[in-house]
Amino acid sequence: MNTQPGLACSQKDILFPDDDDEFRVIVREWLTAHYTLFKVQWGDQADPRSLVFRRGWEDHLCSNGMAGLGWPEQYGGHALDLRRQAVFHEEHALCGAPLGINLIGHGILAPTLLHFGTEAQKRSHLPGILSNQVIWCQGYSEPGAGSDLAALRTRAEATATGYRLNGHKIWTSFADQADWCFVLARTDLNAPRHRGLSFMLVNMRQPGVRVSPIRQLTGEAEFCEVFFDNAEVRREDLVGEENQGWKIAMAAASYERGTYFIPRLVRFHQELMQIRQWIADRQQPGEHAQTSSLVRRWSRLAVDSHVLALKSRRALASAVSGEPPGPLGSSTKVHWSEAHQTLLALALELLGSRACLSASFADDEEAALFTHAFLWSKAETILAGTSEIQRNIIAEKVLGLPKGA
Ligand SMILES: Cc1cc2nc3c(=O)[nH]c(=O)nc-3n(C[C@H](O)[C@H](O)[C@H](O)COP(=O)(O)OP(=O)(O)OC[C@H]3O[C@@H](n4cnc5c(N)ncnc54)[C@H](O)[C@@H]3O)c2cc1C
């Protein structure tokens, strides 16, 4: 263990040191025991980057009742408060388990239905999410509508039984795995842009839906283009009122507030600790000068890690007290995504040739994971609102600066 004062940093309970002890211990023991065994069963296929492995672990959690943490008990949930949900997410990340592939179903659609859905919609769609047998994707972005989402052109025309959907979505994560998609579509061409949109649930397993995966920098194809060509939407799959979809989509985006950053924050901290070890390994007596600039760069990232933990705690506290989501979330998003890119650039520098030669997970797991994270992190300043858009929000809503031309 390194004892350099410049590299000191604690590793456990990043979000709530010494809090919620008994619950935390139970969760930790369960997750550690199950994830360890699960990995052993997968042998050399236990690659946390692989979608199949991630789905397998998510299925395991769901089939053992570790889903629906915050849902009411009447829908099969555990009705845990936000603090305990946060502890679960923190422990899940600390034990090294990867995120699942039905994050959109569990984290966005389920709370949206619980809030805006009819009783019939809840009874129809929540069980498939709870069991993880139904995977969901989110169909908002289009080639001409990303940051400016209200420019979307996918059209839903009313029919005798519901709607006929035509349009082109893009960057739809997990669309090729998904059974259902929640879509924002235009139902009134004459209304002002935000007012003519509806939020609807679309069955992906029908002839009018075509999915075309897009290969990413990492070599995987986690997101896709989706083409709707006279796809059918049943009337009972319209969520909320017709033309009120914008309000629902904005609310949906806020449901993960308080917990979204927890696994990312833990990962950041774990990666920071790994880098600390590499720097420490390079420190020979009398060679401090060579590593001091690395220590300085690492220390800045350690400050980032600490500040991000404070920001996450603040977001959680405000969510717990029932305050509506505010623009400060934009500050956490920009800070985390940009600091994470800086951290991974440092990691790749330290890995050197190992990063270039790490094609095989089996040969060099550590280098393979860091290289994958480095490549993936390029998306982090784009997804869920680009850094430029977040800065616009901070400028206008936090600092009160005038709107740009
Ligand atoms: C990994 C990943 C997963 C995704 N998953 C999904 C998904 O599941 N479902 C879904 O619907 N979408 C998804 N997206 C899409 C994502 O929401 C959009 O990429 C994002 O909103 C940006 O839109 P755009 O790509 O169309 O870029 P554009 O909006 O075209 O922006 C292009 C550039 O212009 C800048 N820009 C645009 N407007 C302004 C402005 N007003 N001021 C300053 N700069 C501006 C942007 O910051 C950006 O640099 C995903 C994206 C990624 C990267």
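F174 sits in the loop between β3 and β4, the latter being residues 180–186. This is a predicted model, and what I show today was computed from it. The phi of F174 is near 60°, a positive value in a residue other than glycine. For context, most residues other than glycine have a negative phi. Is F174 buried or exposed? At 6% relative accessibility, F174 counts as buried, because the cut-off for buried is under 20%.

There is another residue of this kind to look at. W171 also has a positive phi, about 60°, and is not a glycine. W171 belongs to strand β3, residues 162–173. Its relative accessible area is 48%, so W171 is partly exposed.

The side chain of D179 meets that of R205 in a salt bridge, 2.9 Å from N to O. D179 counts as buried, at 16% relative accessibility.

That brings me to salt bridges in general. Side chains of opposite charge can pair when their charged atoms come close. How many salt bridges does a search of the whole structure find? The search finds 18. I will go through two more.

One is R24 with E90, where the closest N and O atoms are 3.1 Å apart. R24 lies in helix α1 and E90 in helix α3, residues 82–94, so the bridge ties together parts that are 66 residues apart in sequence. Both ends are buried: R24 has a relative accessible area of 2%, and E90 is at 0%.

The other is R297 with E349, whose side chains meet at 2.8 Å, N to O. R297 is in helix α8, residues 288–320, and E349 is in helix α9, so here the parts tied together are 52 residues apart in sequence. R297 is partly exposed at 33% relative accessibility, and E349 is partly exposed as well, with 48%.

Going back to R24 and E90, salt bridges that share partners join these two with R28 and E91 into one network.

While we are at helix α1, residues 21–42, A33 is also placed there. A33 counts as partly exposed, at 48% relative accessibility. The C-alpha atoms of A33 and C95 are separated by 9.5 Å, and these residues are 62 apart along the chain.

Now to helix α9, the one that holds E349. Helix α9 covers residues 328–351, and its axis comes within 9 Å of the axis of helix α11, residues 365–376. The two axes cross at roughly 140°. Why call them oblique and not roughly antiparallel? Roughly antiparallel needs an angle over 145 degrees, and therefore α9 and α11 are oblique to each other. The crossing, as α9 passes α11, is left-handed.

Last, the surface. Which residues make the nonpolar surface patch of about 350 Å²? They are L328, V398, L399 and L401. Of these, L401 lies in the segment after α12, which is 387–398. L401 counts as partly exposed, at 45% relative accessibility.

Definitions and conventions
Residues are numbered from 1 along each chain as its sequence is written. This is a predicted model: local features need pLDDT of at least 70, side-chain atom pairs count only at pLDDT 80 or more; totals for chains, interfaces and linings use all residues. Side-chain values use heavy atoms; hydrogens and water are left out. Patches are made of residues with over 30% relative accessible area and no salt bridge: like charges are joined within 9 Å, nonpolar side chains (Val, Leu, Ile, Met, Phe, Trp, Tyr) within 5 Å. Accessible areas come from the Shrake-Rupley method with a 1.4 Å probe; for residues, only the protein chains shown count as cover. A salt bridge is a side-chain nitrogen of Lys or Arg within 4 Å of a carboxyl oxygen of Asp or Glu. Helices (H or I, at least four residues) and strands (E, at least two) are DSSP runs, numbered from the N terminus. Buried means under 20% relative accessible area, exposed over 50%, partly exposed in between (1.4 Å probe, protein chains only). Axes are lines fitted to C-alpha atoms, for helices over the stretch in contact, and angles run from 0 to 180 degrees between N-to-C directions. Angles under 35 degrees count as roughly parallel, over 145 as roughly antiparallel, 65 to 115 as roughly perpendicular and the rest as oblique. A crossing is left-handed if the near helix is turned anticlockwise from the far one by less than a right angle, and right-handed if clockwise.
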